[in-house]
Amino acid sequence: MAQVPQTFDAPAVRTWCGLALRALGRAREEIDAINVYPVADGDTGTNLYLTVESAAAAVEAVFAAHEVGGGTGGAAGTPSGPSLADAARAMAHGALIGARGNSGTILAQLLRGMAQVFAADGDRAHTDGRGLCLALRRAADSARQAVAHPMEGTVLSVASAAADAATGAEGDCGTVALAAYEGACAALAATPGQLAVLERAGVVDAGGQGLVAVLAALVETFTGRTPEQGASPSAAATVAADGRPVVPHARGCAAEDDGPGACAPPASGPAFEVIYLLDAEDAAVTRLRERLDGLGDSLVVVGGDGLWNVHVHVDDAGAAVEAGVEAGRPHRIRITHFGAGDAHTGGSGRPHRERAQRAVVAVVPGEGLAGLYTEAGATAVLARPGEQLASGELVEAVRRAHAREVVLLPNDPELRHTASAAAEQARGEGVRVALIPTRSAVQGIAALAVHEPGRRFDEDVVAMTSAAGATRHAEVAVAERQSWTTAGICQAGDVLGLIDGDVAVIGSDVAATAETVLDRMLSAGGELVTLVLGDEAPDSIADRLQTRVRETYLAVDTVVYQGGRQGALLLIGVE
């Protein structure tokens, strides 16, 4: 048996995150299938997986930073690593910024509550079984406080029961974790009796089921073994050893037995789900809670120390975003429409939607390009400046595309391995996926321009790959710090012109640098110039570059798009 940690330290946090991610990966489809509350949108398992994936990635980044930094510490000169406080804070922060959906947002607050205990008063204060008890209690209490109107029969009930059971346990972390798991299993089995919608559907709460899987991973972290079925007969009848639900009607509760809509709440809910990160002070968030509570339901606001994650279901999505603007700086805004006939609306059940034959999924760096790609028929995934997308987010986008064949455009060389992993996972789910290694959004535009869903898949992929490969790409950006580049030393504030990923020009004026870059690219020929303007690009730069092309290069056309907040001031493509 592999060695297991005896106390809650940084490696234990790392192991737990990894095991929880694997557990949710195995249980994701089952959890999605029983998701009927607060809306029957079938994504709770996926949202929990993406939330934990973000937490695990943040913890891995902390360990990687220590490994790169090198050095030794501690007794016997062993390599130093992150402290428990560092790892716990990274876990909580990763979950916060990556939280998806109602259950994912609550899970992020559960992890934050635990991190607050583990990070308090140094590493030695709360690393034993008693410390884990305190962490589970803080987690349950803080999650309940984050929900505007807590409901029993949900993940909140399961979390509270886990904390109660842990409090009554005496022993090491493994003993406490097992007690928490068994208490959670019993509470999960009771959820149908607490929420009528669960009882009608014949399922347990999906969010609670996900938490049981996470707690099972916690037990395995400290014992090296997956826990057996829940201690009570009712729990054993509902929860399998791997954390999956065993409910007779989990998949068959719709039309056959109780008529359409049996798995859905009886009344329709708000039309939109709105989620965003918010930079704001505590007092402003208190006012925001009151404002949003009057606009809709399923309100959950988690976080603290100036950074918050806001989740709410509303009919007026604009008002929910405006409330965030009044409170502080909202960013990474995601709005999902619960359209008529969608599984989010009550009373109509989940309609059967036929798979499309082919779709394109593309990562894009700004809202403007996201709109452009969407208009062209692609499923767009908005990249986040300075933050790597997780493979699970790309897999989720492939699922949203709902097609038998998918062409995946990462539009970033740093995303190639992530996109490859996502493609492999999607293939395992029966989707035929072709990954075209586009390095820039302008190469993606070129590929999308020749996309023809009506021709054979292989022919379409070859044509798109050829179009992308024939497109040289460049960008104009501002240097953030002094650095060595292939064009020499740049200083903070210098304007950089990058061609095909390498710095080729260092200048002081944005337009002049862009002209130099464009001239170098067109010196090898070209037929079409694509310009994608960022929000902070000078107003006159598009006209200046278009004039330059028109007056200097015959038979070369220019097309201009607004990219929004895309990181770079300007993207340039030459086909």
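Ala, Val, Leu, Ile, Met, Phe, Trp, Tyr, Cys and Pro count as nonpolar, Asp, Glu, Lys and Arg as charged, and the others, Gly among them, as polar. The model is predicted, so local features need pLDDT of at least 70 and side-chain atom pairs count only at pLDDT 80 or more, whereas totals for chains, interfaces and linings use all residues. Residues are numbered from 1 along each chain as its sequence is written, and side-chain values use heavy atoms, with hydrogens and water left out.

**Exercise 1. Characterise the largest cavity and the class of its lining residues.**

Step 1. A cavity is a set of points, on a 1 Å grid over the protein atoms alone, where a 1.4 Å probe fits but cannot get out; lining residues have an atom within 4 Å of a point. Grid points are joined across faces, edges and corners, and a volume is the space filled by probe spheres set on the points.

Step 2. Searching the whole structure gives 6 cavities of 30 Å³ or more. The volume of the largest cavity is about 110 Å³.

Step 3. The lining of the largest cavity comprises 14 residues; Leu110, Leu136, Ala139, Leu211 and Leu215 lie nearest the centre.

Step 4. Helices (H or I, at least four residues) and strands (E, at least two) are DSSP runs, numbered from the N terminus. At least two lining residues come from each of α4 (101-118), α5 (129-146), α6 and α9 (206-223). With 4 residues, α4 gives the most.

Step 5. By class, the lining has 14 nonpolar, no polar and no charged residues.

**Exercise 2. Describe the packing of α6 against α7.**

Step 1. Two packed helices are described by the angle between their axes and the distance between the axes. Axes are lines fitted to C-alpha atoms, for helices over the stretch in contact, and angles run from 0 to 180 degrees between N-to-C directions.

Step 2. For α6 (residues 155-167) and α7 (residues 173-190), the axes come within 7 Å and cross at roughly 140 degrees. Therefore α6 is oblique to α7; angles under 35 degrees count as roughly parallel, over 145 as roughly antiparallel, 65 to 115 as roughly perpendicular and the rest as oblique.

Step 3. The crossing of α6 and α7 is right-handed, a term for a near helix turned clockwise from the far one by less than a right angle, anticlockwise being left-handed.

Step 4. Contact means heavy atoms within 4.5 Å. Residues of α6 including Ser157, Val158 and Ala161 meet residues of α7, among them Val176, Ala179 and Gly183. The residues of this contact divide into 11 nonpolar, 2 polar and no charged.

**Exercise 3. Describe how α9 packs against α6 and α1.**

Step 1. The axes of α6 and α9 come within 7 Å and cross at roughly 35 degrees, and the crossing is right-handed.

Step 2. Val155, Val158, Ala159 and Ala162 of α6 make the contact with Gly207, Gly208, Leu211, Val212 and Leu215 of α9. By class, 7 are nonpolar, 2 polar and none charged.

Step 3. The axes of α1 (residues 10-33) and α9 come within 8 Å and cross at roughly 140 degrees. This crossing is right-handed.

Step 4. The contact of α1 with α9 has 13 nonpolar, 4 polar and 1 charged residues.

**Exercise 4. Which peptide bond is cis, and where is Pro38 found?**

Step 1. The bond from Tyr37 to Pro38 is cis, with omega near 0 degrees.

Step 2. Pro38 belongs to the loop between α1 and α2 (44-69).

Technical notes. 1 Å grid on protein atoms, 1.4 Å probe; cavity = no way out; pocket = protein on both sides within 12 Å on 5 of 7 lines; lining within 4 Å.
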